[in-house]
Amino acid sequence: MTQPTPRRKIIPIKPVADPDSKIYPRSITGLFQRWRWFFVGLTQLIFYGLCWLPWNGRQAVLFDLEARRAYLFNLVLWPQDAIYLAILLTLSALALFLFTTVAGRLWCGYSCPQTVYTEIFLWIERQLEGDRPKRMKLDAAPWSARKAGIKFSKHGIWLLLSFWTGLTFVGYFTPIRELVASLSSFSFGPWEIFWVLFYGFATYGNAGFLREHMCIYICPYAQFQFVMFDRDTLLIAYDTARGEPRGSRARNAKVDDNPIETKTDIKPAGLGDCIDCSICVQVCPTGIDIRNGLQLECIGCAACIDACDEVMDKMNYPRGLIRYSTENAVQNRLSNAQIIRRALRPRVLIYLSIFLVATTITAWSLLTRLPLKVNVIRDRATLSREATDGSIENVFRLNVTNASETAHVYQVQVAGLPGLRLAEPVDIAAAAASVGSTTLVLRVEPGAAKAGNHPIQVTVSDAANPSVSITETTKFIVP
Ligand code: SF4
Ligand code: SF4
């Protein structure tokens, strides 16, 4: 029989440390730390590298605001394709719901730019100032030439990295090679200067100073994601039943193989597995104590897992006193197989189905999208008139967008009224990724249609590939 599940308890924001006091996270090694660095490397390789990747003679990914088009590898998107941006944002929101419901704060812990840059800045800080005790000592020490030199070097490297980050960001909107070339000749445009400095200083401020405050007090995702959590969401959990009562003891204190059931009988002084060393608190980048339960400040970085596993190894206790788990699993001692089964709960399956259907439709729509856009606009200055040969004439403006990266010749055909014809054949030569327009003069013989508005079709086809063809409907006016 399923047991009634108690209400989830989330401890409200109440930082362990004074919010103004600086946190000095201790360095840590271990499995999850290696995974974090893997994601730091991967995300930064993509961010710093992708803008340098050439593709079809231009930048693979470029949002060319001046030309009002975006290049994503083979895709060329125009302002008319803004719908794809809206769909992409919707899909991202759906993916976020799905991911957060299943995996909690994995994004925050491993791939969020705030976490990633804080990790990089912290690494630089450690190389110059040392680990936690040395950094604390240096900050407490009075100013000296040595301290000034270390601080100056640290901030210098941070600023250089931040500036390069700002430059890379702008390089997705202005071709990066041109940008770097203009850097050497100091010929940046005013907007480029603004955004390089803005993004650069945002990186410097966020990763160098704001750090955990961004996650705890500013990030909106952190504030609302707990709504998506339930008792089967993956989180970092301290096993209270196994760890408590906590307390220090000699390293060789006796421990049995089944500490949860019989710890009070066998362990010295009736202690749990937590030796109260506080290393899990010292490595925490937000300065919290995970042993107090699920907290909004926990960004799911898993540093406390690595730290505690190391302590457990030294004590010869089983690993996993702090571990990835779910509230249900910790309380009801669920196995990994049970955790995975519960991960596929109805709510997750619904999110997953919607996400997969929406992604498939979007991908299909993008892949089958024609590299041609056509717009027929009536010439409002000339509604309808009699031509020199006695026929009835309507004039239109035909706009053609060649959304591919090769030049094309397009042919125009018209239909919809008996004898409807072009006053003269129209062939449109369109350069690669260009927009062009021409005047369309259409005629019918008098008496071909009665007076009024008649729907007609204008078809524009690629001369070399007639399957690339678009038909637009407009109206022909017979006076
Ligand atoms: S690192 Fe582990 S043993 Fe040490 S205080 Fe934290 S939970 Fe207890
Ligand atoms: S409690 Fe653990 S997982 Fe959460 S932020 Fe601190 S170190 Fe990271």
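1. Ligand 2 is surrounded by 14 residues, counted when the C-beta atom, placed from the backbone, lies within 6 Å of the molecule. The closest are Cys284, Ile290, Cys298, Cys301 and Cys304. By class, the shell has twelve nonpolar, two polar and no charged residues. Here Ala, Val, Leu, Ile, Met, Phe, Trp, Tyr, Cys and Pro count as nonpolar, Asp, Glu, Lys and Arg as charged, and the others, Gly among them, as polar.

2. This is a predicted model: local features need pLDDT of at least 70, side-chain atom pairs count only at pLDDT 80 or more, and totals for chains, interfaces and linings use all residues. Residues are numbered from 1 along each chain as its sequence is written, while chains are lettered from A and ligands numbered from 1 in the order in which they are written.

3. Helix H2 covers residues 82-103. Helices (H or I, at least four residues) and strands (E, at least two) are DSSP runs, numbered from the N terminus. H2 has 22 residues and spans 31 Å from first C-alpha to last, close to the expected 32 Å; that expectation is 1.5 Å times one less than the number of residues. Just after H2, Gly104 adopts a positive phi of about 60°.

4. Leu98, Thr100 and Thr101 are the buried residues of H2 (20 or more other C-beta atoms within 10 Å of their own, all placed from the backbone). They pack against helix H17 (346-367), with contact meaning backbone-placed C-beta atoms within 7 Å.

5. Four strands form an open sheet, ordered S13-S11-S15-S16, with antiparallel pairing (at least two DSSP bridges between two strands). Its edges are S13 (427-430) and S16 (469-478), each pairing on one side only. Four bridges join S11 (residues 408-415) to S13. His408 stands opposite Ala430 in S13.

Technical notes. Buried ≥ 20, exposed ≤ 12 C-beta atoms within 10 Å, placed from the backbone. Contact = placed C-beta atoms within 7 Å.
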